[in-house]
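Here is a friendly walk through the charged side chains of a protein and its overall build. Have the sequence and the model at hand as you read.

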Amino acid sequence: MKPPILYWFRRDLRLQDNPALQKALEGGGPIIPVYIHDEAGEGEWKTGGASRWWLHHSLVSLRESLAKLNSRFIVRAGASGEVLEELCEETGAKAVYWNRRYEPAIIARDKQIKQSLRDLEIEGESFNGALLFEPHTIENKQGRPFQVFTPYWRHCLAKGISENTSARVKKLPHPNEWPKSESLDDLELLPLINWTDGFAENWEPGETGALKSLKVFVKSAVDEYESKRDFPHIVGTSQLSPYLHFGEISPQQIWSALQKRSEATGVFPTSKGEQVYLSEIGWREFAHHLLYHFPQTPHAPLRADYERFPWASDPDGAKLRAWQRGLTGYPIVDAGMRELWHTGWMHNRVRMIVASFLVKHLRLPWTLGAAWFWDTLVDADLASNTLGWQWTAGCGADAAPFFRIFAPVNQGEKFDKNGDYVRKWIPELAKLGSKYIQRPWEAPTEVLEAAEIELGNQYPHPIVDHTTARKEALAAFQQLRNSK
Ligand code: FAD
């Protein structure tokens, strides 16, 4: 019998279109699927609370899928390199395969693991299972990384995207004897506080949930994506971000699902909606490109001069807390923050509004917002979160200029005109009519009374005045420019 191969699951929790798993199968020997819980190996970006919930349920789902193939899932906790070496020794495995990740700490760790395995004459090979275009394969004409999205994406599209995805694995040869496994519960991924009921109502982590979401989106929403994606009260986007982050679906699978639709017409993309949607997948690629080439960006602005930005002080943390809890007094901001807390996800338009509010109206550092998102998003992703926050703060690649300041009331009135989204997440305002729903402080007393709202009691007055905050933000920006 051939020696077993260790298949190391990481952020590729799927059995379909999984290049490293395919490679393991080609070896013809028994395959031992492994998951290693290695908190220290994640560096300073340990999996956040909401993502841990997702990870737990995704691993449960994967374990069930493997059991259906008469296979198992070996779970261990510890330093990845040491655990892999122990497992090779225990099982006699002579090869370990995995799909690559792109976070700086993980790249450094994996490099070391490859070398240590090589020293032991064990084959350690990694594959691309997460991106359409790996960052080291893309450069501009000057041989440098791109920093602007449009030319980046044009360049990628010109290179072409492989249509091929591999089929779901149907058989996994198993060893005669399985090594010991810890239980998933031993990893203690679920939160101790009662926080995640809303997550369970909204999500089905795992490969099956991913494929269902893709199917629904392709059938019912992708063609209208361009016109509907900005309205948070409707499901106009794919909600695939956590599935993509955990690798429960690959971007190639999404691409090829859309490409299949075009077979009848021969035109791809089939609609403007599809084209815009695919460019959002492109933004995910771009985020990884930036993180890989500028590994300092999760904690430092890409535009170094922004290091000197004069942030406001918040000595007792009251402003940050009001933002985190959805108690700023600006309904669209508060609705978003409560959606985040309740579901582990927030609509993209609202992410931009709440992020802008933190950075520009409260003038608190973008890193504080990024850290909160990191802990509360089920799709928390170092590349996309960093890009999103630096974009909003004006200090990243292809960023919105700092002086363009979202007015929360206008944003609310434009994208949640009737206030359906606000009413859903802020029950205190449920009886307020559309006219004042985005600015309750302007409502006459009798309107507030009729809606049973006492401002400052059930729902707060705005914690900052928009006009004053805007002026102060612009002054701070001017101060930064003068200091150059
Ligand atoms: P869709 O609109 O259906 O888009 C499809 C896919 O494209 C998404 O699932 C996502 O993988 C990718 N995508 C879409 N927009 C972006 C974008 N702007 N940047 C990168 N990828 C994108 N996305 C994350 O996945 N993780 C994060 O931690 C994250 N943090 C963010 C923080 C801020 C401040 C902002 C403004 C945006 C952030 N985003 C993040 C990007 C975006 O908001 C989400 O990807 C999107 O809302 C997910 O919903 P969806 O799957 O329905 O997206």
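Which residue forms a salt bridge with Arg76?

Arg76 pairs with Glu90, and their closest N and O atoms are 3.0 Å apart. A salt bridge here is a side-chain nitrogen of Lys or Arg within 4 Å of a carboxyl oxygen of Asp or Glu. Arg76 sits in strand 3 (residues 74–77) and Glu90 in helix 3 (residues 80–91), so the pair ties together parts 14 residues apart in sequence. Helices (H or I, at least four residues) and strands (E, at least two) are DSSP runs, numbered from the N terminus.

Arg76 is buried at 10% relative accessibility, while Glu90 is partly exposed at 48%. Buried means under 20% relative accessible area, exposed over 50%, and partly exposed in between (1.4 Å probe, protein chains only).

## About the model

This is a predicted model, in which local features need pLDDT of at least 70, side-chain atom pairs count only at pLDDT 80 or more, and totals for chains, interfaces and linings use all residues. Residues are numbered from 1 along each chain as its sequence is written, and side-chain values use heavy atoms, leaving out hydrogens and water.

## Other salt bridges

The structure holds 21 salt bridges. Among them, Lys431 pairs with Glu452, with 3.0 Å between the closest N and O atoms. Glu442 and Arg439 also meet, at 2.7 Å from N to O. Arg10, Asp38, Arg109 and Asp110 are linked in a network of such bridges.

## Overall build

The protein has 21 helices and five strands. Buried residues make up 56% of its 484 residues.
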